[in-house]
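Subject: Structure handover and findings

Dear colleague,

Please find the structure below, handed over for your use. A written account of the findings comes after it.

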Amino acid sequence: MGKPYSMDLRERALARLKEGETSYAVAAALKVAASSVIKWAARKRRLGSAAPGKMGGHRP
């Protein structure tokens with residue numbers, strides 16, 4: 001199976017940002033919220049990857 005669609009969308013958004021588009025322009029073009037694009041870029045800078053984190057917590 002291929003990569004999840006959401007990761008592909010994140011990669012496309014970050015590629016457009018790298019080319020010089022603004023977060024708001026990228027968001028409009030990909031039909032996502034500007035806050036999502038901004039958070040993905042921040043996560044990429046902070047962690048080196050925009051991949052989503054684990055969900056859920058400790059279950060005894």
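Predicted model: local features only at pLDDT ≥ 70, side-chain atom pairs only at ≥ 80, totals over all residues.

Residues are numbered from 1 along each chain as its sequence is written, and side-chain values use heavy atoms, with hydrogens and water left out.

Overall make-up

The chain contains 3 helices and 0 strands (DSSP runs numbered from the N terminus: helices are H or I with at least four residues, strands E with at least two). From the N terminus, the order of elements is α-α-α. Of its 60 residues, 23% count as buried (buried is under 20% relative accessible area, exposed over 50%, partly exposed in between, with a 1.4 Å probe and protein chains only).

Nonpolar core

The largest nonpolar core has 11 residues, among them L9, L14, V26, L30, V37 and W40 (a core is a set of buried Ala, Val, Leu, Ile, Met, Phe, Trp, Tyr and Cys residues joined through side-chain atoms within 4.5 Å). Two or more residues come from each of α1, α2 (23-30) and α3 (34-47). The greatest contribution is that of α3, with 4 residues.

Charged side chains

The whole structure holds 2 salt bridges (a side-chain nitrogen of Lys or Arg within 4 Å of a carboxyl oxygen of Asp or Glu). One joins R12 to D8 at 3.4 Å, N to O; both residues lie in helix α1, 4 residues apart, about one turn of the helix. R12 is partly exposed at 34% relative accessible area, and D8 is partly exposed at 31%. E21 and R16 form a salt bridge in which the closest N and O atoms are 2.9 Å apart. E21 is partly exposed at 27%, and R16 is likewise partly exposed at 27%.

R10, located in helix α1 (residues 5-18), is buried yet has no salt bridge, and E11, the nearest side chain of opposite charge, is 9.2 Å away (Lys and Arg count as positive, Asp and Glu as negative; His and the chain ends are not counted). Leaving aside residues up to four places away in sequence, R10 touches W40, A50, A51 and P52 (contact means heavy atoms within 4.5 Å).

Yours sincerely
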